[in-house]
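Subject: Structure handover

Hi,

Here's the structure I said I'd pass along. Have a look at it first, then read on for what turned up.

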Amino acid sequence: MDDAIRPFTANFPDSDLADLQERLARTRWPDAELVDDWSQGAKLDYIRELTEYWRTQYDWRRCEAQLNAYPQFVTEIDGLDVHFLHIKSPEPTARPLLMTHGWPGSVLEFMGVIGPLTDPVAHGGDAKDAYHLILPSLPGYGFSGKPTETGWGIKRIAAAWDVLMARLGYDRYLAQGGDWGSMVTGEIAAANGGACAGVHLNLVVVGPPPPEVLSAPTEEEKAGLAAYMGYTKHGTGYAEIQRTKPQSLGYGLADSPAMQLAWIIEKFQGWTGSGDTPEAVFDRDELLDNVTLYWLTNSGTSSARLYWESFTNFDLSPVTIPSAATIFPREIMQPSQRWMATRFADIRYFRRAETGGHFAALQVPDLFVAELRAGLRDMEL
């Protein structure tokens, strides 16, 4: 192993967990929302109930043990420590796959897909669909270092990920991503430095609709345009705050675990089609695993800064390497294939899934695995 790569084990002190419980017990609650849905934000009764469970019953050590069951490492790239999981497949023909999460997610989103992707035979699949997985935590997220200077936007992260793959000995690899992970993956593909052989996206970021989509949209495109208009009208408040004033927001996220909980849980409800509570599609402990990781690493502010760094500097340069996409029905952007083709020139696979949303690997892991396999299967390294 490269000397610059250091083994890592998650192990928070008991005092951090005790502090979390004490803060939760002292939560000062706001007035209840004045509507019977989530249109004003996270519902008070649900957040109070979930907070009490978090304080009295939730077990972070279970999640910590699950995470530590996989090989984890830290390596310094461009002056910043990058945390990542590196799980090698037992199959000799396995291909390296870089998978990047987004906000408000983490590497924990991928826990349910690691087994099927690295060891498909043991999970009823085919050896040809085996991957060596590399799962980094974005800068400022989870166990990765927090940038102490400006400039850590999408381009810099994409370049760092390429360095990471080379440092691990992979001169050719495939990449996958959703949310910010999709944008990092898209930037890797657009830069086309020669190492990335193809990508699969579950959030497709493109420019404005082309004239043919606006003038003669299909029924599918009408639905996609309507969904995006609804999102821009009612769902972008979080992004505007994180894009413009992440530091001011950060005081609340760093001081109040209830605030951090509500800030994240609202997205797991709104971006998944889960109905009145996200527990209709997610396990309660899975939700709290992700929130607790944000809390214990105090990464509310540093994760939000990625919006400040990148939102006004989107690079939608053309992508010419092989690309694949799966559009899940509750995703915030749902372009058609011809819309996607305005940026991605070599689309090898495009499909609209029957169910799932923004956190597809966590919400519908079996379908996510099937789609990733189908999208990347014929891409050659």
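Predicted model: local features only at pLDDT ≥ 70, side-chain atom pairs only at ≥ 80, totals over all residues.

To start with the sheet: how many bridges join strand β6 to strand β7, and do they run parallel or antiparallel? Five bridges link β6 (residues 173–177) with β7 (residues 196–201), and the two strands run parallel.

Zooming out, β6 and β7 belong to an open sheet of nine strands with mixed pairing, in the order β1-β2-β3-β5-β4-β6-β7-β8-β9. The edges are taken by β1 (5–7) and β9 (347–352); each has a single partner strand, so one side of each has no neighbour in the sheet. On average, neighbouring strands are turned by 20° against each other, if you ignore direction.

Helix α5 (residues 154–167) lies across β1, β2 (72–77), β3 (80–87), β4 (95–100), β5 (131–136) and β6. Its angle to β2 is about 120°.

In α3 (residues 60–68), the buried residues are Trp 60, Cys 63, Glu 64 and Leu 67. Viewed down the axis of α3, they fall within an arc of 100°, so they line one face of the helix. The buried residues of α3 pack against α1 (14–25), β2, β3 and α12.

For α10 (residues 246–255), the buried set is Pro 246, Leu 249, Gly 250 and Leu 253. Down the axis of α10, these sit within an arc of 110°, so here too they line one face of the helix. The face turned away from that buried side carries Ser 248, Tyr 251 and Asp 255, which are exposed. Covering the buried residues of α10 are, among others, α9 (237–244), α11 (257–270), α12 (284–296) and α13 (300–310).

Last, the core. The largest nonpolar core has 120 residues. Those with the most contacts inside it are Met 99, Trp 103, Leu 133, Leu 135, Trp 161, Trp 180 and Ile 265. If you want one of these to pick apart, what does Ile 265 touch once you leave aside its neighbours within four places in sequence? Ile 265 is in contact with Trp 38, Tyr 46, Ile 47, Leu 50, Pro 278, Leu 287 and Val 291.

Cheers

Definitions and conventions. Residues numbered from 1 in each chain as written. Heavy atoms only, no water. Core = buried A, V, L, I, M, F, W, Y, C linked by side-chain atoms within 4.5 Å. Buried < 20%, exposed > 50% of the residue type's maximum accessible area, 1.4 Å probe, protein only. Contact = heavy atoms within 4.5 Å. Helix = DSSP H or I, 4+ residues; strand = E, 2+ residues; numbered from the N terminus. Arc of directions from axis to C-beta. Pairing = 2+ DSSP bridges. Axes fitted to C-alpha atoms, helices over the stretch in contact; angles between N-to-C directions.
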